[in-house]
Amino acid sequence: MELKVIKTTPAEVNFNYDEISKHLDEVLKQYTGIIITEDTVADGKKVIAELRKGQKSLDEFRKKTKKELTAPVTEFENKCKELSKKFDEVINPISEQAEQFELKRKEEKTKDIQKLIDEMCKLKGLDSLPLEESYLNKSTSLKSIKAELMKAADNILLQQATLKANTDLIKSKIEYVNVKNNLSLIDLPYVKMLEYADIQTVLEQIEKDVEGLKTTAATTAIKPVVQAPSKDEEIFVDVYEIEGTEAHLNTLEEFLNANGYKWSIKE
């Protein structure tokens, strides 16, 4: 059966607009440009109250008329909603069944995908691979999923190989500068830099730290060794905040220890 409109009557309102408009012009004209003084402020407030009373009456008339005019539209909408509920009463039970079948399909496909993941991890020597939500789409075949898993596994292996190569390069670099410059840099902080910086940046930072340590070492080398204070000497305590790389701070600690200073780290 086809839905069709049997009859519509466009809303039309005729009221004495012209008469009211002319009357308002005459009434309001006498208040136009009125000036309130300290002596007439009370009368002015009465005028405002009367004018607002008339304005409110007009607004109430508008709202009431609009409600009457839209009543048929509201009734029409309510009837359409009642008809729509009849569809829902049939659609909802069918939809729930379809959803249950979809859930079961996804559960079964998840098991199949997990088997592919386990096989790929075993083949590539990995601990795990991500199960993407898109894999569960009905249109995504197991063959294409296997290809995606292969690509993901290769990317992970490439990242691991790159990380290992960069880590080995950093360790070799640290070992070389330590031997060459008689330093004791630790490689771990520079390896951790790979989490947010590329290898070239890390290597440049090592060079900067080496130059800084060499400068520090040259400065401290020309200074006389400070002897530990005697029992008769007064002891002073000062607090310093020192900024530098881990290598800089390690060198400072070595200097303090070598020269008999008592120091501690404040939390």
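The following legends describe close-up views of a predicted model.

**View 1. The crossing of helices α2 and α3.** Helix α2, which spans residues 41–124, and helix α3, which spans residues 142–181, have axes that come within 10 Å and cross at roughly 35°. The crossing in which α2 passes α3 is right-handed. On the α2 side the contact is made by K109, D112, I113, L116, I117, M120 and K124, and on the α3 side by L142, I145, K146, L149, M150, A153, D154 and L157. When the residues of this contact between α2 and α3 are divided by class, 10 are nonpolar and 5 are charged, while no polar residue is found among them.

**View 2. The second largest pocket and its lining.** The space in the second largest pocket amounts to about 720 Å³. It is lined by 23 residues, of which K4, V5, K7, F76 and C80 are the closest to the centre of the pocket. Sorted by class, the lining of the second largest pocket holds 13 nonpolar residues, together with 6 charged and 4 polar ones.

View 3. T167 is a residue of helix α3, and its relative accessible area of 14% is under 20%, so T167 is classed as buried. Setting aside residues up to four places away in sequence, T167 touches V191 and L194. N178 also has its place in helix α3, and with a relative accessible area of 15% N178 is likewise buried. Its contacts, leaving aside neighbours within four places in sequence, are with L183, S184 and L185. The C-alpha atom of N178 is separated by 8.8 Å from that of V210, a residue 32 positions apart from N178 along the chain.

View 4. N182 is placed in the loop between α3 and α4, the latter comprising residues 188–192. The relative accessible area of N182 is 72%, and because this value is over 50% the residue counts as exposed. The phi angle of N182 is near 55°, which is a positive value in a residue other than glycine. Most residues other than glycine have a negative phi.

View 5. T245 is located in the loop between α5, residues 199–221, and α6, residues 246–258. When residues up to four places away in sequence are not counted, T245 touches Q205 and D209. The C-alpha atoms of T245 and Q205 are separated by 9.9 Å, although these two residues stand 40 residues apart along the chain.

View 6. K66 has its place in helix α2, where its relative accessibility of 52% makes it an exposed residue. From K66 to D127 the C-alpha to C-alpha distance is 70 Å, and the two residues are 61 residues apart in sequence. S144 lies in helix α3 and is partly exposed, with a relative accessible area of 30%. Between S144 and N16 the separation in sequence is 128 residues, and their C-alpha atoms are 75 Å apart in space.

Definitions and conventions:
Residues are numbered from 1 along each chain as its sequence is written. This is a predicted model: local features need pLDDT of at least 70, side-chain atom pairs count only at pLDDT 80 or more; totals for chains, interfaces and linings use all residues. Side-chain values use heavy atoms; hydrogens and water are left out. Helices (H or I, at least four residues) and strands (E, at least two) are DSSP runs, numbered from the N terminus. Contact means heavy atoms within 4.5 Å. On a 1 Å grid over the protein atoms alone, a cavity is a set of points where a 1.4 Å probe fits but cannot get out, and a pocket is an open set with protein on both sides within 12 Å along at least five of seven lines; lining residues have an atom within 4 Å of a point. Grid points are joined across faces, edges and corners, and a volume is the space filled by probe spheres set on the points. Ala, Val, Leu, Ile, Met, Phe, Trp, Tyr, Cys and Pro count as nonpolar, Asp, Glu, Lys and Arg as charged, and the others, Gly among them, as polar. Axes are lines fitted to C-alpha atoms, for helices over the stretch in contact, and angles run from 0 to 180 degrees between N-to-C directions. A crossing is left-handed if the near helix is turned anticlockwise from the far one by less than a right angle, and right-handed if clockwise. Buried means under 20% relative accessible area, exposed over 50%, partly exposed in between (1.4 Å probe, protein chains only).
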